[in-house]
Amino acid sequence: MPRNRGFGRPSGITSVCSAHPVVIEAALIHGRGRSSDVLIEATCNQVNQDGGYTGMTPAAFRAFVEKIALKVDFPQDQLILGGDHLGPNPWKHLAADEAMRKASEMIDAYAAAGFTKLHLDTSMACADDPQAVPNETIASRAAQLAAVSEAGVHRSGAQAPSYIIGTEVPVPGGAVEALDHMHITTPADVRETVELHRAAFSRLGLDEAFARAIGIVVQPGVEFGNAEVIAYGREAAAELVATLNDIPQFVFEAHSTDYQSSQALSDLVGDGFGILKVGPWLTFALREALYGLSAIAEILVPNTVRETLPVAMERVMLSSPDHWQKYYPGDAHQQYVQRHYSFSDRIRYYWTAPAAQNAVNELMSALRGLTIPRPLISQHLGHLEPVVASGSLTPEADAIVLGSVVRVLDIYADAINSARQR
């Protein structure tokens, strides 16, 4: 992973934050094609010792990813697994002592499973905390988790991990509120975060572990909502970027970089944001492909599929509204549009539902073996028409779905390469 910005050209890596098997397969195929490392991260809510919302423990998630890597012939030694926002967040409804006990169990499981990039994030308030947790407490709790991680690594013989500290504002996953008051992390906040964590680690005898802290999460002024994207502005982030001169041990990690332009992503890497996290854009691209194929199936193989995929997914989401209802404001029609087409892509939580899987399988079976005519690709999958026209993407259903995700990963890879060549 990128570090030591002062030596050589800017470097960066894309952090793929998704548990969807097609997204992971696309990422590994993409990495194999470019002979590059692939960083795949799970969040504390997705994957933890209790299973998270994916039902997977860290060890199970590793096995899940490694099985896909084996399927697509991706080298295991180029696979990097990370854990994101590891802290008490899944249990913040509990008192701090109990929530931290659960967080300790979680990070122990991540470390023992061989995850080598661990983001320590204890910034969230627990049930008996003040609304704003003091920065000293955040750093102290992060060091406590690092101590558990280090003990777990020592016990299991796993590779010593690299650590990421800090958190971004607002919380990850896309903003819920209007994006009209973006807060860029201040240089003072960066310096305080680093020094408080350094001191907290040192108090626990973890100086060697802190030497493996390579990144700090900051808010550079990028975010997305349901229909808006705030683009990276180099001038607005200039003071923040200059802070890196004072902390040569670190790169910045940028969250919520989804939907940024290639130029903005390249600027981020050139300015020292060595880790670019992307998640919803990848599953958004997956949905684009599936919905386009559903429209094509109505034309190519009419009456073969019982109902269109959007109709099936609408029923699935309405039957279980917890993942979208509080995130999508407005009247019934506005919520309908957001359920299916929001940049926040809350539909991603529903693809593993049995009814959704059945609908997707039925669609893909109906189209399998068929060559999709370019005019239909142009009409319903316009974002992929150029790569189909060039011959680099086969106009068949399975390839189309993977290709839609790979297209986004290409944007990131090309932006990172562009930054290196400046």
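**Notes on the fold and its aromatic residues**

1. Setting aside neighbours within four places in sequence, S149 is in contact (heavy atoms within 4.5 Å) with I107, A111, L118, P161 and Y163. S149 lies in helix α4, residues 135–156; helices are DSSP runs of H or I of at least four residues, strands are E runs of at least two, and both are numbered from the N terminus. S149 counts as buried because its relative accessibility is 0%, where buried means under 20% relative accessible area, exposed over 50% and partly exposed in between, with a 1.4 Å probe and protein chains only.

2. A word on the source: this is a predicted model, in which local features need pLDDT of at least 70 and side-chain atom pairs count only at pLDDT 80 or more, while totals for chains, interfaces and linings use all residues. Residues are numbered from 1 along each chain as its sequence is written, and side-chain values use heavy atoms, leaving out hydrogens and water.

3. Now the barrel: 8 strands close it with parallel pairing, in the order β1-β2-β3-β4-β5-β6-β9-β10. Strands pair if DSSP finds at least two bridges between them; β6 (residues 213–218) and β9 (residues 251–254) are joined by 4. Here I216 stands opposite F252 in β9.

4. Finally, the aromatics. One cluster is formed by F224, Y259, W281, F284, F343 and Y412; rings of Phe, Tyr and Trp (its six-membered ring) pair if their centres lie within 6.5 Å, with planes under 30 degrees apart counted as stacked, over 60 as edge-to-face and the rest as tilted. F284 is buried, at 10% relative accessible area, whereas F343 is partly exposed, at 23%.
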